[in-house]
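Me: I'd like to learn how to read the features of a model like the one below. Could you take me through a few of them?

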Amino acid sequence: MKIYVPGDSAAISVGADDVAAAIAQKVSGATIVRNGSRGALWLEPMVEVETDEGRVAYGPVNVEDIDSLIAADFMHGGAHKLSLGESEKIEWLASQDRVTFKRVGIIDPLSLSDYETHGGLVGLRRAISLSTEAIIEEVKESGVRGRGGAGFPAGIKWKTVADAVSDQKYICCNADEGDSGTFADRMLIEGDPYTLIEGMTIAAIAVGATEGIVYLRSEYPYAIKTLQKAIDIAHAFGWLGSSVLGSKHAFELKIRVGAGSYVCGEETAMLESIEGKRGVVRAKPPLPALEGLFGKPTVINNVLTLSTIPAVLADGALAYKARGVGRSLGTQVFQLAGNIKRGGIVEKPFGISIEEIVNGYGGGTLSGAPLRAVQVGGPLGAYFGTDKFETSLDYESMLAAGGMLGHGGVVVFDDSVDLAQQARFAMAFCALESCGKCTPCRIGSTRGVETIDLIIQGVKVDENKKLLLDLCEVMTDGSLCAMGGLTPMPVKSAMINFPEDFTGEVSRR
């Protein structure tokens, strides 16, 4: 008998370890599998039992529920007030189109046999049989774009590195997931780390790299621990090392832990940190694809980008690009957070609307109060009101609407939110997290906080609003990187979409 109790940090934070220990103590003969969370976070800890009809789910389960579950014969799928039915038929999960997250919550994260049984290593084995040109062409044809925010085509970046002449090349995975309301990188690493390792290995073969680095933030201790175990197992299996799965290709993979600086999510600041320096943004050119880590050609992609590659190679570019809209092809892993009833991971093809994500999957606000705003794309993303809820969640549509998709984070606010305060938070966040290298970001954000404070206090409101917009223009055009360049997006969107919060009057909220 197998009983699945998620062992990732999301589930552990709400008592999954205690639930697993109680089940192990009270249910003799059961094998407890610590899988990853399936992403329905409001149901965690979600316990699943393997039955003849498939896995049956219960949740959210507390230690106090174990005795009644045993009395209801939950080990064989018995009825209980916490019954959720067959896991694969839970509508919230069944209606998704999981490609990158297809194994998360299903497998034992560190079981190689589980991984292979559910389609793992198919893409890598195919990549080994192809030429480097053919691998890159497959990635280009699929339309996979960077999931870290910029949306740059992965295949073009890989081609640049592949064509560069050098005695050493690197693959760097940026797992410095710092956007508010985002957690997909962490959940994938904790729930299916081999997918990331496979994607990085395919990238290495494609461009001729022999060393890889995963840059993980120190706030993710469970992810660090799980990924290191997975790397060790993959190495012992012959997947990593001097001969990848017995091929002529060599690839070594290491973890580097960062201190949690937001600006190190920018690729060149990340490279500085990996090299043991202060995380400060580099001027471009040269591009990291030509002069990256230690001055060598480097592929830099984030977790979701690299973890999508195994499916592209396994199923083919045509199968992947059949999803999505326009130039936004494939699926996006959305993360629902904030004041939301059903928060968690939703993977759907590009093109789903904000309305479908927030009210369809998210169920509206947790507080039950009317929904007033969402912020899409992290702390530097735009604030949208409900009048823009029909906007398609793809790169081009979000840009046209005055926002960005970013890493796929969607943070929900009810009608108690004050958007002037949220605009102030954006400037204060930039001031705190700026690397300090360029004046528009370093000084502009501080002046931004001061100016918004004057607006909130009702001091020369019209003059200060004009000054704030001028300041935003300078930051957008003059900042060295997206830290300062994008900070005006939440500020201006709040001013444009919620002008009633910038009158200088005491807010009704």
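Me: In which hand does H7 pass H10 in their crossing?

Reply: H7 passes H10 in a left-handed crossing. A crossing is called left-handed if the near helix is turned anticlockwise from the far one by less than a right angle, and right-handed if clockwise. Before we go further, a word on the background: this is a predicted model, where local features need pLDDT of at least 70, side-chain atom pairs count only at pLDDT 80 or more, and totals for chains, interfaces and linings use all residues. Residues are numbered from 1 along each chain as its sequence is written, and side-chain values use heavy atoms, with hydrogens and water left out. Helices (H or I, at least four residues) and strands (E, at least two) are DSSP runs, numbered from the N terminus.

Me: How is the packing of two helices described?

Reply: Two packed helices are described by the angle between their axes and the distance between the axes. Here the axes of helix H7 (residues 132-142) and helix H10 (residues 193-207) come within 7 Å and cross at roughly 125°. That makes H7 oblique to H10. Axes are lines fitted to C-alpha atoms, for helices over the stretch in contact, and angles run from 0 to 180 degrees between N-to-C directions. Angles under 35 degrees count as roughly parallel, over 145 as roughly antiparallel, 65 to 115 as roughly perpendicular, and the rest as oblique.

Me: Which residues of H7 and H10 meet?

Reply: Thr132, Ile135 and Ile136 of H7 meet Ile202, Ile205 and Ala206 of H10; contact means heavy atoms within 4.5 Å. The residues of this contact divide into five nonpolar, one polar and no charged. In that count Ala, Val, Leu, Ile, Met, Phe, Trp, Tyr, Cys and Pro are nonpolar, Asp, Glu, Lys and Arg are charged, and the others, Gly among them, are polar.

Me: Let's turn to charged pairs. How many salt bridges does the structure hold?

Reply: It holds 28 salt bridges, each being a side-chain nitrogen of Lys or Arg within 4 Å of a carboxyl oxygen of Asp or Glu. Take aspartate 67 and lysine 26, whose closest N and O atoms are 2.8 Å apart. Aspartate 67 lies in helix H3 and lysine 26 in helix H2 (residues 16-26), so this pair ties together parts that are 41 residues apart in sequence. Aspartate 67 counts as partly exposed at 49% relative accessibility, and lysine 26 is partly exposed with a relative accessible area of 40%. The cut-offs are these: buried means under 20% relative accessible area, exposed over 50%, and partly exposed in between (1.4 Å probe, protein chains only).

Me: Where in the chain are aspartate 167 and lysine 296, the pair that links distant parts?

Reply: Their salt bridge has its closest N and O atoms 2.9 Å apart. Aspartate 167 is in the loop between helix H8 (154-163) and strand S6 (170-175), while lysine 296 is in the loop between helix H12 (267-274) and strand S9 (298-302), 129 residues apart. Salt bridges can also share partners, and in this way Arg38, Glu48, Arg55 and Glu88 are joined into one network.

Me: What should I look for in the backbone?

Reply: Look at omega and phi. A cis peptide bond joins glutamate 44 and proline 45, with omega about -5°; proline 45 is in the loop between strand S2 (31-33) and strand S3 (47-51). The bond from glycine 59 to proline 60 is cis too, with omega near -5°, and proline 60 is in the loop between strand S4 (54-58) and H3. As for phi, leucine 121 has a positive value of about 70° although it is not a glycine. Leucine 121 lies in the loop between helix H5 (112-117) and helix H6 (122-129).

Me: Is cysteine 173 buried or exposed?

Reply: At 0% relative accessibility, cysteine 173 counts as buried. Its place is in strand S6. Leaving aside neighbours within four places in sequence, cysteine 173 is in contact with residues including Leu196, Met200, Ile213 and Tyr215.
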